[in-house]
Amino acid sequence: MARMTMIEAVRSAMDISMERDENVVVYGEDVGYFGGVFRCTQGLQAKYGRTRCFDAPISESGIVGTAIGMAGYGLRPCVEIQFADYMYPAYDQITQEAARIRYRSNGDFTCPIVIRMPTGGGIFGGQTHSQSPEALFTHVCGLKVVVPSNPYDAKGLLISAIEDPDPVMFLEPKRLYNGPFDGHHERPVTPWSKHDLGEVPEGHYTIPIGKAEIRRTGFAVSVIAYGTMVHVALAAVEETGIDAEVIDLRSLLPLDLDTIVQSVTKTGRCVVVHEATLTSGFGAEIVALVQEHCFYHLETPVVRVAGWDTPYPHAQEWDYFPGPLRVGRALAEVMEA
Amino acid sequence: MTDNAPLSLHVPEPAVRPGGQPDFSNVKIARAGAVARPEIDVAPEDIRDLAYSIIRVLNREGQAVGPWAGQLSDEELLVGLRNMMKLRAFDTRMLMAQRQGKTSFYMQHLGEEAVSCAFRKALEKGDMNFPTYRQAGLLIADDYPLVTMMNQIFSNEADPLHGRQMPVLHSSKEHGFFTVSGNLATQYIQAVGWAMASAIKGDTRVAAAWIGDGSTAESDFHSALVFASTYKAPVILNIVNNQWAISTFQGIARGGSGTFAARGLGFGLPALRVDGNDYLAVYAVARWAIERARRNLGPTLIEYVTYRVGAHSTSDDPSVYRPKTESESWPLGDPVLRLKNHLIVKGVWSEERHTQAEAEIMDEVIEAQKEAEEHGTLHAGGRPSVRDIFEGVYAEMPPHIRRQRQKAGY
């Protein structure tokens with residue numbers, strides 16, 4: 001075991017995958033020589049050469065479009081979009097092409113690609129360095145959508161994603177790249193080296209896509225979160241003293257419905273937390289599923305804590321980001337109801 | 001205050017609209033044989049003029065002339081003629097089948113048969129096309145079974161795509177025909193990626209990208225040219241300029257660039273313009289570009305100048321936006337007739353043999369149609385299972401789709 005940041009874990013996943021499978025190629029803007037603006041691909045070009053890890057023109061549809069073609073040939077491209085906020089020019093390629101190729105060709109062609117993209121806020125990234133567009137992917141049949149919350153999961157899930165026979169959208173919460181973040185921006189950041197989940201095996205291992213993980217067992221209320229919000233939820237539970245069960249979804253599509261249903265039928269209460277804007281966010285899908293599957297066990301209405309229905313602002317970062325205070329209030333609300 | 005006159009927006013219009021006299025006097029046509037054939041390893045900047053001319057082999061008298069002539073044997077030319085005739089017969093029957101309600105939709109190739117039929121013959125097994133919906137000649141010229149094509153068009157129980165895809169959006173890995181999408185231009189950049197993959201693996205296979213004149217305005221066209229240029233990918237970037245994008249004349253997509261081929265010049269790509277109704281010219285140019293790609297000399301852009309004689313699709317009526325007789329005035333004529341005349345001039349073909357071949361080919365297509373119809377048509381007979389809706393979204397069916405399939409009763 002080694003201590004790794006999420007950046008190092010993601011890099012290690014690509015390193016191991018490239019070593020094990022010659023068909024794995026890695027590219028994107030600034031990904032090659034420079035090693036990525038977040039250092040996630042540092043050293044890969046030096047180790048595997050310019051034809052396995054290389055810089056791409058600033059063209060998201062070009063990056064994803066070429067990856068689809070490479071997958072059609074038989075490669076396993078793991079490409080990077082520099083920020084999730086910049087995936088929109090590639091949205092046509094992602095939704096109409098990558099997601100549909102297996103279906104529309106009846107398996108004649110497939111699309112085993114991974115599209116990595118740093119996501120989420122909490123870094124004063126403003127409108128186009130903070131977005132959480134996962135709901136725009138979970139609505140697309142044929143895609144898989146993964147959001148890790150720690151280095152251990154990030155590596156195991158990314159290796160799974162690269163080995164997966166279908167396209168995987170891999171959203172990396174950049175606020176978690178260097179350490180866990182619970183929303184307490186006023187405190188210094190703890191590095192991953194001080195966190196249990198910063199312990200990462202150096203070799204190959206996988207975490208199955210579609211399986212959630214319970215981060216804290218509790219009996220009073222189920223908190224369903226992913227990415228940065230897992231840490232915020234844990235902090236809110238700590239601070240309120242409410243005996244909540246915190247579920248880290250890890251995969252949004254496919255979704256581990258069994259774990260959610262088991263938890264909510266046990267607790268009878270549910271709070272859903274995400275950074276993305278509220279209306280038609282992924283939380284709405286979770287609420288609908290909980291209502292469908294746990295209706296007779298629910299003691300109170302399901303509550304959502306999310307980003308406001310506005311673009312992500314700059315100066316008002318901490319009034320926008322759903323921090324532990326807001327999550328704590330929601331926990332108190334469902335317990336009092 | 002300003003001394004300048006008010007600005008005005010320029011919106012290009014075709015020279016003639018319905019009711020007017022067709023006029024192609026603005027289309028500059030080079031004499032057959034007049035355009036030089038550069039060395040395969042020529043520098044793109046040395047052949048910039050080829051983006052503004054038209055490479056042609058067959059002259060008015062039906063003779064093959066000039067430096068691009070002489071690349072196909074009589075035997076190969078007869079096969080080419082037969083393939084184009086087969087595609088035309090196929091179109092005729094499928095158009096009729098759509099009118100009879102046997103399928104919901106069809107798109108013809110009328111007037112454009114030479115482009116895909118000749119190009120396919122210049123490729124090798126294992127090369128990959130990324131076609132649009134108007135390149136079925138790539139399949140026909142590779143002897144893809146007509147019955148299978150029809151099964152797809154009829155969405156019947158033997159449809160290789162299990163009824164999931166609209167008619168004519170074929171897919172065949174085995175025949176080097178990438179799954180066709182309804183989304184325009186997306187495949188153009190994918191072709192570049194496939195070619196990059198071939199280069200990454202040190203393979204010798206090449207890719208061919210296909211796009212129409214209208215779709216060159218899509219951003220994926222530009223991405224494709226950038227990536228092809230940057231990585232010198234072994235790809236042939238084909239633009240089929242049939243003058244029309246549904247009702248929109250090619251001047252709307254082309255703007256002031258003169259020709260579509262000229263788009264390649266700014267990307268440092270060798271760009272050729274060819275008579276798309278000249279089977280010999282299409283083959284010769286395709287072979288040049290394919291050989292260039294295969295020798296690792298990089299991508300080539302080719303504009304095929306042709307004319308969309310038929311309606312855009314079975315849902316379209318061209319008489320409301322262009323003169324009815326416009327195709328008859330098209331100066332590059334009909335690709336089938338031109339190759340037929342050439343073969344007659346050469347003494348290896350005759351009117352009688354042509355008439356006989358037409359009948360034979362139509363019989364073959366009708367025979368295939370009978371067989372396909374035994375598997376059902378869109379609203380009658382065998383059809384794909386409802387279960388097929390749910391299969392193949394992912395390699396393994398996830399639980400939520402399984403639940404929905406069960407809800408549907410399967």
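**View 1. The contact between chain B and chain A.** Chain B gives 44 residues to the contact and chain A gives 42, with contact meaning heavy atoms within 4.5 Å. The model is predicted: local features need pLDDT of at least 70, side-chain atom pairs count only at pLDDT 80 or more, and totals for chains, interfaces and linings use all residues. Residues are numbered from 1 along each chain as its sequence is written, chains are lettered from A and ligands numbered from 1 in the order in which they are written, and side-chain values use heavy atoms, with hydrogens and water left out. About 3,500 Å² is buried between chain B and chain A, and carbon and sulfur atoms give 60% of that area. Buried area is the accessible area (1.4 Å probe) that two parts lose on being put together, summed over both.

**View 2. An open sheet in chain A.** Five strands run in the order β9-β11-β10-β13-β14, with mixed pairing. Strands (E, at least two residues) and helices (H or I, at least four) are DSSP runs, numbered from the N terminus. Two strands pair if DSSP finds at least two bridges between them. β9 (213-216) and β14 (303-307) of chain A are the edge strands. Neighbouring strands are turned by 25 degrees on average, direction ignored. Axes are lines fitted to C-alpha atoms, for helices over the stretch in contact; angles run from 0 to 180 degrees between N-to-C directions.

View 3. In chain A, β10 (221-225) and β11 (244-248) pair in the parallel sense over 5 bridges. A:V221 stands opposite A:A244. Helix α10 (282-294) of chain A touches β10, β13 and β14, at about 160 degrees to β13(A). Helix α12 (324-336) of chain A touches those strands too, at about 170 degrees to β14(A).

**View 4. Helix α9 of chain A.** Buried residues of this helix (257-267) include A:L257, A:I260 and A:V264; buried means under 20% relative accessible area (1.4 Å probe, protein chains only). Packing partners of the buried residues include β9 and α10 of chain A, and α12 (399-407) of chain B. Just after the helix, A:G268 takes a positive phi of about 75 degrees.

**View 5. The largest nonpolar core.** This core has 92 residues: buried Ala, Val, Leu, Ile, Met, Phe, Trp, Tyr and Cys joined through side-chain atoms within 4.5 Å. Helix α5 (186-200) of chain B gives the most, with 9 residues.

Methods. Buried means under 20% relative accessible area, exposed over 50%, partly exposed in between (1.4 Å probe, protein chains only).
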